[in-house]
Amino acid sequence: MNKNYPFATVLAATTSLRNKTGSWRTMCPHYVNLMPPCNAVCPAGENVQQWLSFAQKGHFRQAWNVIVQNNPFPAIMGRICYHTCEKVCNRLHLDEAVNINLLERAIGDIAISHGWKFESVIPATGKKVLIVGSGPSGLAASYFLRKLGHEVEIKEAHALVGGMMRYGVPRFRLPDSIIDAEIRRITDLGVKISCNSRVGNLKSEMNKFDAIYLSIGASKPTKPDVEVRPGSTIIDAVDLFKRLTNEQSHSSVELGKRVAVYGGGNTAIDAARMALRLGAEKVNIIYRRTLNSMPAHEMEIHEALSEGIKILCLRTIKSVDHKEILMEKMNYDEESGILTKSGEEETVTADSVIFAIGQFVDDSIIKNIDGIAMADGGIIGVNECMMTGARGIFAGGDAISAKRTATIAIAHGKKSAHYIDAYLSGKEVEQKQKPDIVNFKKLNTNYYPKIPRINLLPAASISLEERTVALTEKEIIVESSRCLSCGNCFHCYNCYGYCPENAIKKLPDGSLEVDLNYCKGCGICAVECPCGAIKMMQEK
Amino acid sequence: MSYPTIGGPAAEKKNTNVAHDVCVQSQIDRRNTITSGHRACQGCGEALAARCVLDAAYSATNGNIVVVNATGCLEVFSCVYPENAWNIPWLHSLFANAPSVASGVAAAMHVSGKSTRVIAQGGDGATTDIGMGALSGMFDRNDDVLYVCYDNQAYMNTGVQRSSSTPPMARTATTFPVGSYLGNDAKSGKNLPEIAIAHNIPYVATASVAHVTDLEQKVMAAIHIRGARYIHVHVPCPLGWGIKTSETIKIARLAIDCGLFPLFEVVNGAMTTSFTIENLVPVEEYLKPQRRFAHLFGKNAVPDAIAHIQKLADENIKRYKLLGENAHE
Ligand SMILES: Cc1ncc(C[n+]2csc(CCOP(=O)(O)OP(=O)(O)O)c2C)c(N)n1
Ligand code: SF4
Ligand SMILES: [Mg+2]
């Protein structure tokens, strides 16, 4: 109407939407996905935050799918992984870490009980890969290679599949049924596994396969410098576990009532706990350094102590004579790491002594292969692409690492699979840039109520059976809801609710978007985001 | 108690009679009673709080509300001729008379048989100073109006002059600390929520822009009650207080967490504390980030002044049982 009237008499009333306040902005909010600390430290690179986000909605199948993108053994690792993730969980600073390990086990068990299988394989590449050794590393490599379309055959020297998962961990911690169920999924993918087939001549295999992955582990027990007189009962821990692979074999092992275990690692603890379960009444672990410096996981030490096992620290064994063990007391300086003899001696009696002071890599398989060499520390040398000095031969797991855990073995299997795939296809492995890690300071913790952590109850009795306490679905949901979702939006809508400009748009699918027409760049959304998933960046 | 996220289930319901467990502000269909394009400063606590209050009232009445606004920032930044940010029936008359105008609107609704709920709103200047007489009359007559005060603790619209809600020792344009004068007088000011309680009206509450679910619950409870009702909302002003525009909510939360701004609700004379402090902080944490208190810190720090403010917080904690019913004294 009346355009000819002077200003301010008849301007048609209009909405303030005409005023695009986005022009005031100097800083602009951006939604980001950052790296949660749990994910950053997980050797296998599990996207813990993502699978917890599915679990907390009760979407267990999706949660499981996310886990198996990086780790094909949720039920196994949910039992034996040393979960470094929980050590760095940001929730530790609030109350207690999320019980990631227990949740992984719960979801792994649900998958087994529902018979969930891996998604089918992509079209065949026509390439054949041999994997030597069926431990966690070899199996993981086979899984990832198979999913990439390669034909995979595993040769295993022992009678049973699983490597140290089978022979290095006692059954009360990891039942056979669980190992079998998770391996069956891999053979269902078409991976061929032959047991009792030790690879004697690697050279001849090299002609039959396009690539080889050596996941031979560290299988030879280290012999301690101990004088053992005739008539003494000595057994190596790994041999002990091998002899105990089934219930029937238990009677064949006679350890006696008093057992001593020599060593300070997880195997020593497992052996001691196994001895208790085989009828021993008094079990002593003899370890040369202090309790604090034991390489065994603190949770396992704690469980052993609570079962009545004694740990005799700062002692080495000099000799074993029938039932008498002669020990020497040691001095150890935790700061400098210097261990010295004290000259003071002591004896303890034991019907049998279990040695658990470590294993070394059996290098006979690589002896006559050009290019492959042992590196310092008695491990097989590999380059950053996991390849040994011989073209097409890769290696991983305990055989190449001083830190010997199943999780690291899986990580090697995964990494090697991708490098083997690149080698076979002549492509390069894509190097993804890792986003920033979210530390506790980046969170706004005012929005997280304290919620007690759900823990496994301590076992009622010392038993050869695994203590089977399944979490209820509700418990899984409650515990996984404790995840702070560090660095990844969890749709709390604080940004949407707190923006004084209504400049955050909530889309019908629930996702969020900044309306640049009106955002003034105040930064409230970024400060009030509980999980640090909004970053203010300078406007260009 | 921790602060629920806006999209999460609302804090445990108190003695309010509304059943809603999801925050209106998280909903895609919230009214946006004040729409985008308004001219409030970046990070304005008042603009945000007003939208939260009115969206909640809108949602609780299916949009059957009318709003009377006193002069002040809220009115000025929302309707600069010919633009208008209001998505509801809204009217502005003068600085001093919003309660009286609202009483009239309520009477008109009554005689014309309409069930429309009437809300009056204004800043602390409008409420505790110039409109105080009109408001007291509205309370006294128990007129059917919900009055909401957005307390940014000074006359912000005209350039940060002191009001009777300006806190002790705060610097404003009219209480500039010089020499031994430490800014606003330590013993001055009015406590309007308590004055409202003294009028024996059916509903009085305090609320904060840092606790939206609590704020919404109070509005949704109050909107249906008949008679005069009062809600006093604490809203930081980045410009007037000298805080970062991004820290409006953070500062409002610190005011609650140190005890200086208690959250409570009084229904028919019975008071309940609506937020018990989980992480009690000393008042310094609230004062220090604000430039209006900068003269109390640094080289010429005045420990006595901070001790005095701490004493006020401690008194609140005791009086309003901010650490819970059974907390040790
Ligand atoms: C009778 C009268 N006196 C003075 C003014 C000037 N004036 C407009 S807004 C304002 C300050 C409002 O302060 P407050 O009520 O606290 O609201 P705020 O702007 O802080 O939100 C003043 C003094 C006026 N409009 N009318
Ligand atoms: S709260 Fe709103 S105005 Fe402020 S930066 Fe975020 S989107 Fe922009
Ligand atoms: Mg004001």
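Buried area is the accessible area, found with a 1.4 Å probe, that two parts lose on being put together, summed over both. Keep that in mind as we walk through this predicted model, in which local features need pLDDT of at least 70, side-chain atom pairs count only at pLDDT 80 or more, and totals for chains, interfaces and linings use all residues. Residues are numbered from 1 along each chain as its sequence is written, chains are lettered from A in the order in which they are written, and side-chain values use heavy atoms, with hydrogens and water left out.

Let us start inside chain A. An automatic or database domain assignment divides chain A into domain 1 (19-34 + 489-538), domain 2 (37-116 + 443-480), domain 3 (128-218 + 361-425) and domain 4 (224-357). The centres of domain 2 of chain A and domain 4 of chain A, taken over C-alpha atoms, are 32 Å apart. Eight residues from domain 2 of chain A and twelve residues from domain 4 of chain A make the contact (heavy atoms within 4.5 Å).

Together, domain 2 of chain A and domain 4 of chain A bury about 860 Å², with 57% of this area coming from carbon and sulfur atoms.

One salt bridge is counted between domain 2 of chain A and domain 4 of chain A, where a salt bridge is a side-chain nitrogen of Lys or Arg within 4 Å of a carboxyl oxygen of Asp or Glu. Lys87(A) and Glu298(A) form a salt bridge through their side chains, at 3.8 Å from N to O.

Next, look at how the two chains meet. Here 43 residues of chain B are in contact with 41 residues of chain A. The area buried between chain B and chain A is about 3,400 Å², and carbon and sulfur atoms give 49% of it. Three salt bridges are counted between these chains. In a salt bridge between Lys450(A) and Glu278(B), the closest N and O atoms are 3.7 Å apart.
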